[in-house]
Amino acid sequence: MNQMTTRSGELSTELREVLEKARDYTQQSKASNTKKSYRADWNDFTAWCEERGLSPLPADPQTVALYLSDLADRRKTSTLQRRLSAISQAHQAAGYDTPTSSYIVRTVWAGIRRTKGTYQEGKDPILVDDLRRMVAELPTDTLTGKRDRALLLVGFAGGFRRSELISIDREDIQIVPRGMIILLRRSKTDQEGRGEKVGIPRGSHPDTCPIRALEEWLRASGIRTGPVFRPINRHGQIRNRRLTDRSVALIVKKAAELAGLDPQRFSGHSLRAGMATSAAMAGKDERTIMKQTRHKSVNMVRRYIRDGELFSENAVADIGL
């Protein structure tokens with residue numbers, strides 16, 4: 001943020017305090033994970049420039065075009081897209097015109113995408129049958145087993161992102177006759193903290209009902225306030241803090257391995273993707289799926305729907321082969 005001065009040429013004490021507050025708000029304008037990713041991508045670009053004696057800030061459009069061309073054969077298209085975003089954000093934050101909007105950068109980027117394609121291979125979704133197998137293998141007589149069962153079922157049924165799942169507090173949960181209502185106080189698509197309610201209905205099968213699983217975990221853990229999903233140490237003691245994003249991914253992978261599935265094919269996002277794909281396979285429409293996943297864009301949801309309909313709407317099905 002540019003320095004502001006009074007007529008005397010110096011900042012008053014009041015303006016200094018306001019400026020510091022404005023800087024704090026600027027830092028909070030993006031989620032921590034987003035800022036971390038931008039920082040890593042920007043560091044890669046600056047290191048590349050320094051090795052070649054080029055200026056990273058402000059960067060010449062030709063420098064950015066050369067950077068993209070150099071990385072094109074070694075990095076995924078999605079990675080290059082992220083690097084471009086980081087370069088653009090860094091220039092805008094410093095008050096410079098972004099070189100990424102120049103003709104040469106846009107032309108090189110279009111050529112790379114056309115050559116490499118834009119398909120992104122992600123992790124597999126956890127479908128309902130996969131989830132049943134995973135939950136069935138978890139121990140029923142340990143705190144860890146009860147926590148992991150609740151985390152998997154609630155994460156799936158709510159279509160939660162990892163960050164949303166670990167942000168849930170006991171005070172955010174309301175049990176009602178038809179299921180439960182979880183208040184998301186903040187999420188990736190609600191950075192301003194307006195809050196959003198997510199309804200999770202009771203399951204048809206006791207062993208996979210997210211409401212029963214969560215109630216059992218809360219009863220066994222004694223958690224009455226604060227974070228719902230917490231670490232458990234090797235002595236079986238529950239820690240007074242939240243699980244991390246990475247912990248969710250590790251729990252998913254561990255449960256997948258117990259169920260005889262390849263853990264490398266799954267991630268923390270597999271729960272959310274699996275709910276959307278399973279709903280599409282069950283014939284749920286686009287609007288209903290988006291309501292539960294809280295997607296703001298239809299593009300990703302339509303990808304889940306296409307994957308879910310690969311066999312339900314297949315021209316080769318039932319033609320006599």
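1. Hairpin. β1 and β2 form a hairpin with 2 residues between them. The two strands, residues 173–176 and 179–184, run antiparallel and share 4 bridges. Ile175 sits opposite Met180 in β2. Strands are DSSP E runs of at least two residues, helices H or I runs of at least four, both numbered from the N terminus. Two strands pair if DSSP finds at least two bridges between them.

2. Basis. This is a predicted model, with pLDDT of at least 70 needed for local features and 80 or more for side-chain atom pairs, while totals for chains, interfaces and linings use all residues. Numbering starts from 1 along each chain as its sequence is written, and side-chain values use heavy atoms, without hydrogens or water.

3. Next strand. β2 also runs antiparallel to β3, with 6 bridges. Ile181 stands opposite Gly199 in β3.

4. Aromatic pairs. The whole structure holds 3 (Phe, Tyr or six-membered Trp ring centres within 6.5 Å; planes under 30 degrees apart are stacked, over 60 edge-to-face, the rest tilted).

5. Cluster and burial. Ring pairs link Trp42, Phe45, Trp48 and Tyr67 into a cluster. Phe45 is buried. Trp48 is buried at 9% relative accessible area, and Tyr67 at 0%. The scale is relative accessible area with a 1.4 Å probe, protein chains only: buried under 20%, exposed over 50%, partly exposed in between.
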